Number of protein chains: 2
Amino acid sequence: MQSGEDKLIARYFKPLATADGALGLRDDAAFYSPPEGHELVLTADAIVSGVHFLPADPANCVAKKALRVNLSDLAAKGAAPAGCLMTLALPAGSNDSSSNETWLDAFASGLKADCEHFSCPVFGGDTVKTDGPLSVSIFAFGVLPRGTMVQRSGANPGDRVFVTGTIGDGALGLKLLREPARKAAWSLSDGDAKHLIDRYRVPQPRLAMAAAVRALASAAMDVSDGLVGDLAKLCDVSGVSARIEAKAIPLSSGARHALSSEPALIETIATGGDDYEILCTVAPDRIERFRELATAADIGVTDIGEILEGHDPPRIVGADGAALTFARTSFSHF
Amino acid sequence: MQSGEDKLIARYFKPLATADGALGLRDDAAFYSPPEGHELVLTADAIVSGVHFLPADPANCVAKKALRVNLSDLAAKGAAPAGCLMTLALPAGSNDSSSNETWLDAFASGLKADCEHFSCPVFGGDTVKTDGPLSVSIFAFGVLPRGTMVQRSGANPGDRVFVTGTIGDGALGLKLLREPARKAAWSLSDGDAKHLIDRYRVPQPRLAMAAAVRALASAAMDVSDGLVGDLAKLCDVSGVSARIEAKAIPLSSGARHALSSEPALIETIATGGDDYEILCTVAPDRIERFRELATAADIGVTDIGEILEGHDPPRIVGADGAALTFARTSFSHF
């Protein structure tokens with residue numbers, strides 16, 4: 001009596017539904033209670049083939065990216081993942097051919113690995129057919145002590161601006177995937193090229209920094225649409241301005257090589273997006289502790305500038321002290 | 001500094017984000033705490049243009065359907081809506097033309113009306129471009145006293161099988177939209193035809209029955225993929241069988257006319273789906289109270305058959321006492 005959809009769910013997604021409240025995905029809905037004294041943090045992001053990932057990207061990476069862009073939001077808010085629901089729109093006919101069973105096998109396997117690694121089991125979802133490109137919507141929820149979610153709105157003049165990890169790798173990785181000849185033009189080693197591409201395909205949500213952000217940051221968000229534009233959003237909601245130093249932006253080895261070969265890439269690095277690093281502001285008297293916790297979490301954090309009074313858009317200042325100007329400050333679909 | 005996506009969210013969806021924890025949709029995530037002693041019920045459903053609704057369906061109806069198919073799940077589990085998140089995939093270029101601003105205006109207006117009517121504010125979401133058809137994924141969450149979610153798995157032999165409202169209207173409405181000549185063939189009045197079409201486009205989640213289902217049903221689910229197939233799922237998870245009477249299935253005036261003109265439509269009615277009624281099982285000693293609560297809620301409930309021992313698929317029995325057989329028992333995309 002099982003329909004094709006029931007079989008697909010039972011085969012691929014039931015193994016990911018390890019929480020009691022998920023009822024093995026054999027019900028209309030799931031149930032969940034946050035731990036005593038905690039509240040939920042809710043986020044949703046969709047990724048579409050050809051827009052947020054490339055049709056040729058490995059299926060396990062597509063699954064990981066779909067989940068991790070959501071986990072990155074939870075990390076920036078100071079929350080620990082608790083679960084997710086997913087709607088998956090598959091191109092018509094895609095589960096009929098063995099090649100697409102292979103795709104679904106790899107997709108489910110990538111998702112399972114991440115659900116386990118990040119303690120974020122699947123609580124439900126929906127699988128539908130579409131005439132269009134494959135897309136994945138994930139709704140993730142996390143938990144934190146009630147009232148402690150770190151918002152974008154708390155930055156104060158005098159706070160220092162920090163980012164985790166390195167900036168620009170994802171946007172450069174996408175350029176490399178689209179124009180493989182750039183690898184030679186940028187003098188990249190195989191390892192550097194692979195690193196940039198991996199950073200585009202599989203973001204690294206900085207969940208290990210969630211507790212430090214919650215305890216010490218005055219404002220935080222994740223960098224998904226580009227550092228400059230995302231900082232502008234944080235400043236706008238906080239009612240402040242900022243000044244960051246282009247040379248302080250932390251770069252990977254690959255990004256450094258690319259930038260020295262093609263200095264105009266500073267725009268891609270600073271505005272291209274797909275970073276999934278945490279951008280946060282920290283009051284001066286909390287910086288030492290923030291750095292200690294980052295060291296303990298084994299995650300690099302870099303001071304890239306300062307929050308200022310006023311309502312001007314943030315400035316990014318070059319080596320000569322002059323503000324850089326960009327054609328656009330962040331990625332937008334619209 | 002606002003991107004096109006920020007403007008779109010601020011214009012269309014911020015007015016729907018009335019909960020404090022939604023932070024006016026100006027953050028990466030939202031926060032939410034269920035009331036003391038309560039837990040969350042979580043569900044997610046996606047609808048795709050050309051699959052779950054017709055491209056020509058009014059935009060306000062598309063929004064309402066996207067939300068209501070989720071609210072129907074919450075109702076069947078005994079939960080009250082608390083909020084939702086939405087990912088909206090818009091065809092490329094769709095917000096550039098004034099006609100598509102008109103579409104988004106109507107979509108947001110329909111969603112706002114329902115968010116208010118059902119006390120289900122928007123807590124977040126994501127808006128993306130797609131080369132494919134428009135699709136809407138909604139993740140809805142409800143609340144109920146901890147441990148009281150009504151599952152599919154509790155049906156016992158001897159329980160009576162109930163459905164709310166009427167069955168088959170949505171599937172017949174879709175047939176009418178696809179083949180308008182059937183209106184005459186089925187001898188439908190304008191009012192009956194409009195009723196069937198409205199039932200396809202705008203489901204009526206039976207939230208007024210949630211408390212009664214929670215208090216009195218042994219098992220429940222919503223009928224979305226077809227009565228016979230959905231009952232089979234409930235029986236399978238409960239480890240029971242069932243027998244329902246075709247003539248007991250509650251029909252609207254339009255469905256009665258259609259069926260008397262074309263008796264083979266019993267298959268569409270019993271297996272077509274798009275009903276969004278509650279299917280539940282009630283022990284004999286609770287039926288009187290169940291009917292009283294339904295009357296108080298002003299929602300029709302109909303006893304359509306009985307839960308039996310065994311593991312045979314449920315039978316639907318015709319006027320001659322013989323079991324009807326159908327080519328398929330429910331709608332499936334796969």
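Which strand of chain B does Leu144(B) lie in? Leu144(B) sits in strand β5 (residues 135–145) of chain B; strands here are DSSP runs of E with at least two residues, helices are runs of H or I with at least four, and both are numbered from the N terminus. This is a predicted model, so local features need pLDDT of at least 70 and side-chain atom pairs count only at pLDDT 80 or more, while totals for chains, interfaces and linings use all residues. Residues are numbered from 1 along each chain as its sequence is written, chains are lettered from A, and side-chain values use heavy atoms, with hydrogens and water left out.

**Leu144(B)**
- With 0% relative accessibility, Leu144(B) counts as buried (buried is under 20% relative accessible area, exposed over 50%, partly exposed in between, using a 1.4 Å probe and protein chains only).
- Glu39(B) is 105 residues away from Leu144(B) in sequence, yet their C-alphas are 5.8 Å apart.
- Neighbours within four places in sequence aside, the contacts of Leu144(B) (heavy atoms within 4.5 Å) include His38(B), Glu39(B), Lys77(B), Met149(B) and Arg214(B).

**Helix α11 of chain B**
- Ile287(B), Phe290(B) and Ala294(B) are the buried residues of α11 (residues 287–297).
- They span an arc of only 60 degrees around the axis, which puts them on the same side of α11(B); the arc is taken from the directions running from the helix axis to the C-beta atoms.
- Over on the other side of α11(B), you'll find Glu288(B), Thr295(B) and Ala296(B) exposed.
- The buried residues of α11(B) pack against β6 (160–164), α7 (210–216), β9 (277–282) and β10 (301–308) of chain B.

**Helix pair in chain A**
- The axes of α4 (residues 169–178) and α6 (residues 190–201) of chain A come within 7 Å and cross at roughly 105 degrees; axes are lines fitted to C-alpha atoms over the stretch in contact, with angles from 0 to 180 degrees between N-to-C directions.
- That makes α4(A) roughly perpendicular to α6(A) (65 to 115 degrees; under 35 is roughly parallel, over 145 roughly antiparallel, the rest oblique).
- Among the contact residues are Leu172(A) and Leu176(A) of α4(A) and Leu196(A) and Tyr200(A) of α6(A).

**How the chains relate**
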